[in-house]
Amino acid sequence: MQTAPIGRFEVAPENPRAHRDVENLEALAANVKRYGLLQPVLAYAGPKDTLQVIAGRRRLAAAAVAGLETLPYILRPKDEALALGLAENEQRVGLHPADQATAWARMLDGGENVTSIASAFGVSERVVVQ
């Protein structure tokens, strides 16, 4: 895995997520700000020394909002990156709300407080308490 300045990254035109909405970006950015980027983006070499992000568009946007200066990435040849980007998006399954609640309860048991959890995950304190 490598790192590069965040300004070198662009969203690849072939990114499988054609809808460029930034759903829950603030929540992801809060998490990235607190914990860093936990999963690198997947990119291929683009024109003019750019890195074209084929998987990790939301991570890239959240890292920018969080103020990260560099970004971890995995570089693959373009045709391989296209296949891997699609595979990553097809295999994604969201966390069940009950599992999220259990994880937050464990964090509370471990000494975290409601305010810090809400801040880290970009949700209201009410959501954490519920």
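Biologist: Leaving aside neighbours within four places in sequence, which residues is Thr50 in contact with?
Modeller: This is a predicted model. Thr50 is found in the loop between β3 (41–45) and β4 (51–55). Apart from neighbours within four places in sequence, the residues in contact with Thr50 are Arg8, Glu10, Tyr44 and Ala45.

Biologist: Does Thr50 count as buried or exposed, and at what relative accessibility?
Modeller: Buried means under 20% relative accessible area. Thr50 therefore counts as buried, with a relative accessibility of 12%.

Biologist: How are the rings of Phe9 and Tyr73 paired: stacked, tilted or edge-to-face?
Modeller: The count of aromatic pairs comes to one. The ring centres of Phe9 and Tyr73 are 5.5 Å apart and the planes stand at 75 degrees; planes over 60 degrees apart count as edge-to-face, so this pair is edge-to-face.

Biologist: How many residues apart are Phe9 and Tyr73?
Modeller: Both Phe9 and Tyr73 are buried. Phe9 is in strand β2 (residues 9–11) and Tyr73 in strand β5 (residues 70–75). The pair links distant parts of the chain, 64 residues apart.

Biologist: Which residue just after α4 takes a positive phi?
Modeller: Helix α4 (residues 97–109) has 13 residues and reaches 18 Å from its first C-alpha to its last, close to the 18 Å expected. Just after α4, a positive phi of about 110 degrees is taken by Gly111.

Definitions and conventions: Residues are numbered from 1 along each chain as its sequence is written. This is a predicted model: local features need pLDDT of at least 70, side-chain atom pairs count only at pLDDT 80 or more; totals for chains, interfaces and linings use all residues. Side-chain values use heavy atoms; hydrogens and water are left out. Helices (H or I, at least four residues) and strands (E, at least two) are DSSP runs, numbered from the N terminus. The expected span of a helix is 1.5 Å times one less than its number of residues. Buried means under 20% relative accessible area, exposed over 50%, partly exposed in between (1.4 Å probe, protein chains only). Contact means heavy atoms within 4.5 Å. Rings of Phe, Tyr and Trp (its six-membered ring) pair if their centres lie within 6.5 Å; planes under 30 degrees apart count as stacked, over 60 as edge-to-face and the rest as tilted.
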